[in-house]
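The sequence and structure come next.

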Amino acid sequence: MGGIHLIFCLLWACVNVCECEPVMFGEVSSPLYPQPYPADLKKQWDLEVPQGYQIQLTFNHLDIEPSPNCYYDSLMVVSDKKFLGKFCGQNSTDRYYPGNKPILAPGNRLQLVFQTDDSNHVSHLGFTAFYQAVDIDECTSFSVENESDPPCSQICLNTLGSYLCACHHGYQLRPDQRTCILDCGGGVYSEPEGTISSPGYPNTSPLDLHCVYNISVQPGFTITLNFSQTFHIEQVYNQGPTCLFHWLQVSVPQKAPQKFCGGKSPGLLHTDSHFTQVEYHTDRHGQSQGWSLHYTTQRVQCPNPGRIHNGRVTPNFAKYLYRDYIQVRCDQGYKLMMGEKEIKSFKSMCQSDGEWHLTLPECKIIDCGAPKPLQNGKVQFINGSNNEYLSVIEYHCNEPYYAFEKTPKARYTCAATRKWTEDDSNNIIPPCIPVCGENIEPAFGGRVFGGKQAQLGQIPWQLYTSLTRGGASLISDYWAITAAHVVDGFENTTMSFLGGLIHLTQDKPIKLETEKIIIHPNYKRVDRGNPTNFDNDIALIKMSSKVPLGPNIRPVCLPKKTDGSVMEDMMGTISGFGGFEGKLKSDNLRYGHVQEYPNDKCDSGGLPVTDNMFCAGDDKKGVDSCQGDSGGPLFHPMLGYGSAEQRYEVRGIVSWGPTKCGDTIFKGFYTKVQNYLDWIKETMANN
Ligand code: 4AZ
């Protein structure tokens, strides 16, 4: 035999160890073959082929001294202590001659022991043999006598050096790789409903079963098992009934498994899970009739979302199941709030875990925010609080100096649009405009020839500038109107005007500074300082700050286009600190009533007269305006007011006169304000 033999010698023994791999075949011969073998010999060969094979020995030639029972010389063949034969002789007629038939060892090992005695009268050549590995057919090589079991319980497949077991259809090879078990269960039941029964049901279940049935449906669905009434699984009594050898077990994740046996059907089992495992086990003994179940699936149920204050949850179902949606809508005037955040809409879905994917929002009352402030007015709360929905506010102007143009108050409600809304208008808060033409001494005491001293607050629109010794009339809380020649040359400077006074040295006047002086563009600046053409003698003055309106300083109204033009016999009142009765100026504010004439009734002394002016005066007493009155008003009581609330409008601006003042023949000339209404409005709006 080939290979390397190592001899390990320890203190107490020597062991012959073959480190080599067993070979598949080889040759073995007696010593010196084909020369005669030596006498007095004992030699042993340990032959080996790989595991799973039998070793077969075939003699090519054998020539060993024949003797009865091979007493002198012999070759003994032993396999694992089993004696296979003792051989000698030269041909097949010799009793102990091995013949041509090969010797097959039951295992993969074979020992040859060659022994010779000390006398060699006739020389013999010995033997030469061939050995080889022969595959064992394990599938057929078991023996009934030895009571060894067949290697496979069902199908055996012989392979070179080994074998494989297999199972019939419907059976599975067990982990021992030898035996087969009924192939039950397996696969996954994923349909929404189905039926599962024990193998052979309703016939008796096979023994030695272990069937595993997995039911796995979509998350969001729960499985219900409904066992049929015909149910029997062997039960043993061991200190009470137990499911020891045969049992059915239902397992659900995160729950303790339930084991069933006996004759009573478990009936309906709600697993509350989308996965359930059913295991059926029988051992090799006993009897179980089996079982059957029908499983169904139901959608997971979410808790009722509940009600919401000032809003609605839709749709309203008796129960809410997986994939159902709910929406929340707030009542009018309420908004959807998710914590501190407002949201436009809200939808929540019943999830597969039986929870809503979002918790319900809140419906909070909306608010319109703080109402906008009103210039020259104030806002008052009438109803509600915190600017909330349906709160009511009212705007009022600072009376009596300011008022809305049309209504006494403006009422707004906080609407669902979150805007302060007026019941029936365009929601624009009207401006508070100064009330014009009112005074605290409405009656001017009839006709006063030659003029009279005014009372405080009687002509509250009267302004005065000492710079050019002229007057002006306040027409709003920023603007005054005057004659162009009073402010001519001062357009790019600042002038001071006084208001709220009737005495130049004694009163505490209100001092007004000009911001803009705008002379009518068609005013002809000829002979500045001593003009000879007073056409368009009109100018507007804007004050640098709001005039603090009060009882003694208030604007006069502008006339209307429709008021009709200046006419003969109409009376107007003129006022100013100008000269009178021979004096150059007056420290007191004086007024007088003048009659208006058509221009052709007044002598202009040769200076040009246009339709932009009218003349007025007094035929008998010579009531007139004079130097220092220029720019001041000629005003009329307005039509349509009772005497208690009489208002006044400025019709004329003191402009010029052809001769000395107070002449009964030559009257004074006044700028016709009515001709400039558009220019006044535009200029005030654009500056
Ligand atoms: C002036 O010199 C003046 N009698 C104003 C008005 C009249 C005359 C002169 C009218 O400012």
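## Ligand site

A polar backbone atom of Ser-625 lies 2.7 Å from a nitrogen atom of the ligand. The model is predicted.

| Residue | Protein atom | Ligand atom | Distance |
|---|---|---|---|
| Ser-625 | polar, backbone | nitrogen | 2.7 Å |
| Asp-624 | polar, side chain | nitrogen | 2.8 Å |
| Ser-630 | polar, side chain | oxygen | 2.7 Å |

The ligand taken alone exposes 300 Å², and the protein buries 85% of that. Around the ligand stand Asp-624, Ser-625, Cys-626, Gln-627, Ser-630, Val-654, Trp-656, Gly-657 and Gly-668. Sorted by class, this shell has three nonpolar, five polar and one charged residues.

## Paired strands

Strand E17 (residues 209-216) pairs with strand E15 (residues 185-189) in the parallel sense, over three bridges. E17 also pairs with strand E24 (residues 275-282), here in the antiparallel sense and over eight bridges. Val-212 of E17 takes part in both pairings: Gly-185 stands opposite Val-212, and Glu-279 in E24 is the bridge partner of Val-212.

## Cavities

How many cavities of 30 Å³ or more does the structure hold? There are two cavities of that volume. The largest cavity has a volume of about 40 Å³. Its lining includes the run Gln-455, Leu-456, Gly-457, Gln-458, Ile-459 and Pro-460, together with Gln-462, Gly-500, Leu-501, Ile-502, Asn-552 and Leu-589. By class, the lining of the largest cavity has six nonpolar and six polar residues, with no charged residues.

Terms used: Residues numbered from 1 in each chain as written. Predicted model: local features only at pLDDT ≥ 70, side-chain atom pairs only at ≥ 80, totals over all residues. Heavy atoms only, no water. 1 Å grid on protein atoms, 1.4 Å probe; cavity = no way out; pocket = protein on both sides within 12 Å on 5 of 7 lines; lining within 4 Å. Points joined across faces, edges and corners; volume = space filled by probe spheres on them. Nonpolar A, V, L, I, M, F, W, Y, C, P; charged D, E, K, R; others polar. Pairing = 2+ DSSP bridges. Helix = DSSP H or I, 4+ residues; strand = E, 2+ residues; numbered from the N terminus. Near = heavy atom within 4 Å. Polar contact = N/O pair within 3.5 Å; in protein donor to acceptor, adjacent residues only side chain to side chain. Areas by Shrake-Rupley, 256 points an atom, 1.4 Å probe, with all protein chains shown as cover.
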